[in-house]
Amino acid sequence: MKTFGSVSTEMEIQSPASEAWALYGAVGLTVITVPKYLAAVDIVEGDGGEGSIAKLTPLSGSPYYEKFTKVDDKHMVKETEITEGAFLDLGFTLYRIRFENIPTGKHTCITRTTIEWEIKEEYVANSTRVSILPSINIANDIEAYLLANKK
């Protein structure tokens, strides 16, 4: 038996959705996450688009792998799933992160992040390790980056 869960957050970004998407969309997020949150991000399969696999090396801890299961430039939606390591080593059978950029005006957008997971019943206590806080921090960092590098 498995337990399912999800957590989501929305943040208004003071930047056009297309500019925020340029960072969220493919591997542009590495500009923000390395070196603040990760030691390295390496694309080990593919070109950074849908179907690509990335090796993420945290500042501390073991590397893990994510597959870009959806990269939809038209609707500005990106989904990744951990395929090896990290949460999968803690009894999770699915750990998916979805980023959505929703235009709200000419110079603003909403960034919605959703984490969905499945975990084996015997490891359900580990579900408390799921946190949306890193996604909130990254959204704040993206907004700061975009404002500092305004075109």
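I began with the aromatic cluster that Phe87, Phe92 and Tyr95 form. The model is predicted, so to speak of local features I need pLDDT of at least 70, and side-chain atom pairs count only at pLDDT 80 or more, while totals for chains, interfaces and linings use all residues. Residues are numbered from 1 along each chain as its sequence is written, and side-chain values use heavy atoms, without hydrogens and water.

I searched the whole structure for aromatic pairs and found 4; rings of Phe, Tyr and Trp (its six-membered ring) pair if their centres lie within 6.5 Å, with planes under 30 degrees apart stacked, over 60 edge-to-face and the rest tilted. Phe87 and Tyr95 are stacked, at 4.0 Å centre to centre and 5° between the planes. Phe92 and Tyr95 are edge-to-face, at 6.1 Å and 85°.

I checked burial next (buried is under 20% relative accessible area, exposed over 50%, partly exposed in between, with a 1.4 Å probe and protein chains only). Phe92 is buried at 3%, and Tyr95 at 5%. Phe87 is buried too.

Leu23 is among the buried ones.

Ile32 sits in helix H2, residues 30–33, and is buried at 9%. Beyond four places in sequence, I list its contacts (heavy atoms within 4.5 Å) as Leu23, Tyr37, Ile138, Asp141, Ile142 and Tyr145.

Key: Helices (H or I, at least four residues) and strands (E, at least two) are DSSP runs, numbered from the N terminus.
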